[in-house]
Amino acid sequence: MVNASLNWASIVGLVLALLGLVSIPTSIANIYFLLNRRADNTSRIILLVIYKGILGILRTVGCLLAGGILFFQGWRLDPILQFGQFLTVSLLILESAGTIFSDFSDWNKRKSN
């Protein structure tokens, strides 16, 4: 039985799934900026690109799975747990947004020079 009602957990699940979908192009852009910034292809850079790629894949899959679970099963959570999930996802989004904006501003500075 699938019951999807609109509550805090289902809204947070939708936001988390959207974050997982947004993380695909941001991960690709992060790898692209990393490879364009470096002129050398040493083993350190190659390992860093592999690490960023695996991290992007895991972030995407993890956010999509967790968002789906929260959307379809969040109605079972009591209000305190729903609020806890809301706080956790909100802090995750704030943490991700800060690093995305700093990477983008660094890229703009390098591009203008």
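Contact here means heavy atoms within 4.5 Å. By that definition, and not counting residues up to four places away in sequence, cysteine 63 touches Leu16, Ala17, Leu19 and Gly20. The model is a predicted one, in which local features need pLDDT of at least 70 and side-chain atom pairs count only at pLDDT 80 or more, while totals for chains, interfaces and linings use all residues. Residues are numbered from 1 along each chain as its sequence is written, and side-chain values use heavy atoms, with hydrogens and water left out.

The chain has 3 helices and 0 strands, where helices (H or I, at least four residues) and strands (E, at least two) are DSSP runs numbered from the N terminus. Read along the sequence, the pattern is α-α-α. The radius of gyration is 17 Å, well over the 13 Å that the globule rule gives for 113 residues, so the chain is more spread out than a compact globule. That radius is taken over C-alpha atoms, and the rule is 2.2 Å times the number of residues to the power 0.38. Along its principal axes, the C-alpha trace spans about 55 × 25 × 15 Å.

Of the contacts with a separation of 6 or more, 80% are accounted for by residues 24 or more positions apart. Of the 113 residues, 21% count as buried; buried means under 20% relative accessible area, exposed over 50%, and partly exposed in between (1.4 Å probe, protein chains only). The chain exposes about 7,900 Å², of which carbon and sulfur atoms supply 72%. Accessible areas come from the Shrake-Rupley method with a 1.4 Å probe, and for residues only the protein chains shown count as cover.

In soluble globular proteins, nonpolar side chains tend to be buried together. Here the largest nonpolar core has 7 residues in all: Ala9, Val12, Leu16, Leu19, Cys63, Leu70 and Val89. Such a core is a set of buried Ala, Val, Leu, Ile, Met, Phe, Trp, Tyr and Cys residues joined through side-chain atoms within 4.5 Å. H1 and helix H2 (43–73) each supply at least two residues of this core, and the largest share, 4 residues, comes from H1.

Helix H1 (residues 8–37) also gives the most to a nonpolar patch, with 4 residues. This patch lies on the surface and is formed by Leu18, Leu21, Ile24, Ile28 and Leu64, with about 450 Å² of accessible area together. Patches are made of residues with over 30% relative accessible area and no salt bridge; like charges are joined within 9 Å, and nonpolar side chains (Val, Leu, Ile, Met, Phe, Trp, Tyr) within 5 Å. A salt bridge is a side-chain nitrogen of Lys or Arg within 4 Å of a carboxyl oxygen of Asp or Glu.

Several residues of H1 can be taken in turn. Isoleucine 24, found in this helix, is partly exposed because its relative accessible area is 38%. Threonine 26 lies in H1 and is partly exposed, at 26%. Its C-alpha atom is separated by 33 Å from that of arginine 76, 50 residues apart along the chain. Serine 27 is also in H1, but counts as buried at 12% relative accessibility. Leaving aside its neighbours within four places in sequence, serine 27 is in contact with Gly56 and Arg59. Isoleucine 28, in H1, is exposed, with a relative accessible area of 56%. The C-alpha atoms of isoleucine 28 and glycine 56 are separated by 8.0 Å, the two residues being 28 residues apart along the chain.
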